[in-house]
Amino acid sequence: MHRLTFLILLFVPLSLLSQETALSRIEPPSWWVGFKQTDLQLLVYGKNISASRISVDYPGFAIKKINKVTNPDYLFLDMTVSPATRPGIATILFREKDKSCRQILYELNTRKKGSAERKGFSSSDVIYLIMPDRFSNGDASN
């Protein structure tokens, strides 16, 4: 009898902890303020996350649209990061029907000086047909 009670007391807290960690992933994990492009899309993964009501309370960081997909464990949040947004940590709240609330602390970083002048990926970064197709005709002598 004592073993059964011990096992129940051992596994009940573990099941409660697993419910607490239902919000398990957000991509990208952080972002920067000060971009010319003010739109950002976040992917959020968590158990039955699409049933939540979502809100953000951070100046200049707002939800523009919530995109639900067929899998209830994924959401795509279209966000706006206004040019006046200050670096810091925004709280994204996920409220559920039973009044429980989960949250993600989302970091908005400062851009490094001169980062807007960096050259991105272009055609000069690509090597096209570096290996010619020597044996396409089947003649091993060439």
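A residue is called buried when its relative accessible area is under 20%, exposed when it is over 50%, and partly exposed in between (1.4 Å probe, protein chains only). By this scale Arg25, at 44% relative accessibility, counts as partly exposed. The model is predicted, so local features need pLDDT of at least 70 and side-chain atom pairs count only at pLDDT 80 or more, while totals for chains, interfaces and linings use all residues. Residues are numbered from 1 along each chain as its sequence is written, and side-chain values use heavy atoms, with hydrogens and water left out.

Arg25 forms a salt bridge with Glu27, their closest N and O atoms being 3.4 Å apart; the term stands for a side-chain nitrogen of Lys or Arg within 4 Å of a carboxyl oxygen of Asp or Glu. The structure holds three salt bridges. Another joins the side chains of Lys64 and Asp39 at 3.0 Å, N to O, and this pair links distant parts of the chain, since Lys64 lies in strand 5 (residues 61-68) and Asp39 in strand 3 (residues 39-46), 25 residues apart. Glu96 and Arg102 also meet in a salt bridge (2.4 Å, N to O), in which Arg102 is buried, with a relative accessible area of 11%, whereas Glu96 is partly exposed at 22%.

Strands are DSSP runs (E, at least two residues), numbered from the N terminus, and two of them pair if DSSP finds at least two bridges between them. Four strands form an open sheet in the order 2-8-7-4, with mixed pairing. Strand 2 (30-33) and strand 4 (53-56) stand at the edges with a single partner strand each, so one side of each has no neighbour in the sheet. Within this sheet, strand 7 (residues 88-95) and strand 8 (residues 101-110) run antiparallel and are joined by eight bridges.
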